[in-house]
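Subject: Structure handover and notes

Hello,

I am passing on the structure we spoke about.

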Amino acid sequence: MDISKKELDKHYMQQALREAGKAFEADEVPIGAILVLENKVIGRAFNQTRLLKDATAHAEMLAITQGCETTGAERLPGSTLYVTLEPCPMCVGAMILARIERLVFGAREAKTGACGSIVNLLADGKWNHQFKVEEGLLEFESAALLQEFFKKKRPR
């Protein structure tokens, strides 16, 4: 039985949400990422900036690092990155450098989103690499986890 692209996307985004849940449990901002190449997960991560005491330890960055380690290459053409929240400029830059083919994200990020929310780094087409962006997959679930986290952090 063949699984449609839409079903596969949902499957991988659900895995990204599980990673985000791990971040939530670790008292990190609940963002998760899954990196897929040829229908195989080559990287999975959640935000670990506090755990690692590293401002660059975003889920996307860690998943890309794992993907490079898994493949033994510094670039990941043909890969898709699933992220629960719209990536920041640093992560979009890393995706360009890693030659990610496609980004699928859940919720928009009004404060740091670099795929259209505050800036769209890919809009001018001047980068040496462009990737496809699809947004809104499991958006409600992604946003709800973030809202629950920040509600817990900032009680009234």
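The notes below cover a pair of helices, the nonpolar cores and a few single residues.

Please keep in mind that this is a predicted model.

Helices α3 and α4

Helix α3 covers residues 59-71 and helix α4 covers residues 89-98. Their axes come within 9 Å of each other and cross at roughly 20°. Angles under 35 degrees count as roughly parallel, so α3 is roughly parallel to α4. The crossing of the two helices is left-handed. On the α3 side the contact is made by Glu60, Met61 and Ile64, and on the α4 side by Met90, Cys91, Ala94, Met95 and Ala98. Sorted by type, the residues of this contact are 7 nonpolar, no polar and 1 charged.

Helix α4 has these buried residues: Cys91, Val92, Ala94, Met95, Ile96 and Ala98. They pack against α3, β3 and β4. Just after α4 comes Arg99, which takes a positive phi of about 65°.

The nonpolar cores

In soluble globular proteins, nonpolar side chains tend to be buried together. The largest nonpolar core in this model has 32 residues. Within that core, the residues that touch the most other members are Ile64, Leu76, Leu81, Met95, Ile100 and Leu103. At least two residues each are supplied by β1 (32-37), β2 (40-46), α3, β3 (80-85), α4 and β4 (102-107). Helix α4 gives the largest share of this core, with 6 residues. Another core, of 9 residues, lies apart from the largest one, and its members include Tyr12, Val36, Val104 and Leu138.

What does Ile100 touch, leaving aside neighbours within four places in sequence? Ile100 is in contact with Leu35, Ile64, Leu76, Ser79, Leu81, Met95, His129, Gln130 and Phe131.

Helix α1 spans residues 5-25, and Asp9 lies in it. Is Asp9 buried or exposed? Asp9 counts as buried, because its relative accessibility is 7% and the cut-off for buried is under 20%. Not counting residues up to four places away in sequence, Asp9 touches Tyr82, Arg102, Glu134 and Leu137.

Ala23 is also found in helix α1. Ala23 is buried, with a relative accessible area of 0%. With residues up to four places away in sequence not counted, Ala23 touches Glu28, Val29, Pro30, Ile31, Phe46 and Asn47. Between Ala23 and Glu141 there are 118 residues in sequence and 15 Å in space, C-alpha to C-alpha.

Gly78

Gly78 sits in the loop between α3 and β3. Its relative accessible area is 36%, so Gly78 is partly exposed. Which residues are in contact with Gly78, leaving aside neighbours within four places in sequence? They are Val36, Leu37, Arg99 and Glu101. The C-alpha atoms of Gly78 and Ile96 are separated by 12 Å, and the two residues are 18 residues apart along the chain.

Regards

Definitions and conventions. Residues numbered from 1 in each chain as written. Predicted model: local features only at pLDDT ≥ 70, side-chain atom pairs only at ≥ 80, totals over all residues. Heavy atoms only, no water. Axes fitted to C-alpha atoms, helices over the stretch in contact; angles between N-to-C directions. Helix = DSSP H or I, 4+ residues; strand = E, 2+ residues; numbered from the N terminus. Parallel < 35°, antiparallel > 145°, perpendicular 65-115°, else oblique. Left-handed = near helix turned anticlockwise from the far one by under 90°. Contact = heavy atoms within 4.5 Å. Nonpolar A, V, L, I, M, F, W, Y, C, P; charged D, E, K, R; others polar. Core = buried A, V, L, I, M, F, W, Y, C linked by side-chain atoms within 4.5 Å. Buried < 20%, exposed > 50% of the residue type's maximum accessible area, 1.4 Å probe, protein only.
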